[in-house]
Amino acid sequence: MIENADSIGNDQPAFEARFQQDLLNHWREIQHNRKYPDKREFRPQKFPKFLPQLAIVSIAGSNDYDDRLTGATVSEVLKLQGTHDRLVSPPDAAVKQIIHDMLNRASKANGPIYFKGNFQPAESASIPFTALVLPFSHNGDADVLDTLMLAFDFSKKRKLELVFPLEEMTGDQPNEPTA
């Protein structure tokens, strides 16, 4: 489920993950007063630690997308294991719906868009995420959207709580320390 989908424009949104802000800043640096920066100007070496959290998707047509690159973290979290598992057509239908919703919204946004939500795979726990989606052009054509880069953050902001059984439920009494 997507909770928020915010077009960024010239705003400075409050990202939950710092690397997403750094990616947006780099995207703006290489934009050069164009609608979309040329994807060949993107410098992944500036973000080596976060490459596993990126995915690059080409736009093949209206609502038609092809995977170009899916980072290891994205593949692992979304359970894309086989050679035929792709981000644009993951094996889980609920994940696929969210990915396609994000791609469709991003391809119509005419600029960067920031998503916050939860993937809810059929047979596992909910996966909270944020994603910055950046549009790029191809071959120097400033106004033709060709590629979308998705920068995922799957960080869990929630604290782990350990729950121990109540003594009454188990009938056990805690061991007293002996001297």
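Trainee: What percentage of the residues of the protein count as buried?

Mentor: The model is a predicted one. Of the 179 residues of the protein, 41% count as buried. The protein exposes about 10700 Å², and carbon and sulfur atoms supply 49% of that area.

Trainee: Which elements does the protein contain, and how do they run from the N terminus on?

Mentor: The protein has four helices and six strands. From the N terminus on, they run β-α-β-β-α-α-β-β-β-α. As for contacts between residues at least 6 apart in sequence, 53% join residues at least 24 apart.

Trainee: How should I read a sheet, and what order do the strands have here?

Mentor: In general, strands of a sheet pair through backbone hydrogen bonds, either parallel or antiparallel. Here six strands form an open sheet in the order β1-β4-β5-β6-β2-β3, with antiparallel pairing. β1 and β3 (64-70) stand at the edges with a single partner strand each, so one side of each is left without a neighbour in the sheet. From one strand to the next, the twist averages 25°.

Trainee: How many bridges join the strands on either side of β4 to it?

Mentor: Strand β1 (residues 2-7) is joined to β4 by five bridges, and Ser-7 stands opposite Ile-113 in β4. β4 and β5 pair over seven bridges, with Lys-116 having Thr-130 in β5 as its bridge partner. Both pairings are antiparallel.

Trainee: Is strand β4 largely enclosed or open?

Mentor: Strand β4 (residues 113-119) is largely enclosed by the rest of the structure, because six of its seven residues are buried.

Trainee: What should I expect of the side chains along a strand?

Mentor: In a regular strand the side chains alternate between the two faces of the sheet.

Trainee: Is Ser-137 buried or exposed?

Mentor: Ser-137 has a relative accessible area of 0%, and therefore counts as buried. A polar atom of the Ser-137 side chain lies 3.4 Å from the backbone oxygen of Tyr-36. Ser-137 and Arg-40 are 97 residues apart along the chain, yet their C-alpha atoms are separated by 8.9 Å.

Trainee: What does β5 pair with on the side of strand β6?

Mentor: β5 and strand β6 (residues 145-153) run antiparallel and are joined by eight bridges. Within that pairing, Phe-136 has Thr-147 in β6 as its bridge partner. Helix α1 (residues 18-31) packs on the sheet, where it touches β2 (54-61), β4, β5 and β6. The direction of α1 makes about 5° with that of β5.

Trainee: Which residues of α1 are buried, and what do they pack against?

Mentor: The buried residues of α1 are Phe-19, Gln-20, Gln-21, Leu-23, Leu-24, His-26, Trp-27, Ile-30 and Gln-31. They pack against β2, β4, β5 and β6.

Trainee: How far does α1 reach from its first C-alpha to its last, and what follows the helix?

Mentor: The 14 residues of α1 reach 20 Å, close to the 20 Å expected at 1.5 Å a residue. His-32 follows α1 and has a positive phi, near 50°.

Trainee: Which strands does helix α3 lie across?

Mentor: Helix α3 (residues 93-109) lies across β1, β2, β3, β4, β5 and β6. The helix runs at about 170° to β4.

Technical notes
Residues numbered from 1 in each chain as written. Predicted model: local features only at pLDDT ≥ 70, side-chain atom pairs only at ≥ 80, totals over all residues. Heavy atoms only, no water. Helix = DSSP H or I, 4+ residues; strand = E, 2+ residues; numbered from the N terminus. Buried < 20%, exposed > 50% of the residue type's maximum accessible area, 1.4 Å probe, protein only. Contact = heavy atoms within 4.5 Å. Areas by Shrake-Rupley, 256 points an atom, 1.4 Å probe, with all protein chains shown as cover. Polar contact = N/O pair within 3.5 Å; in protein donor to acceptor, adjacent residues only side chain to side chain. Pairing = 2+ DSSP bridges. Axes fitted to C-alpha atoms, helices over the stretch in contact; angles between N-to-C directions. Expected span 1.5 Å × (residues − 1).
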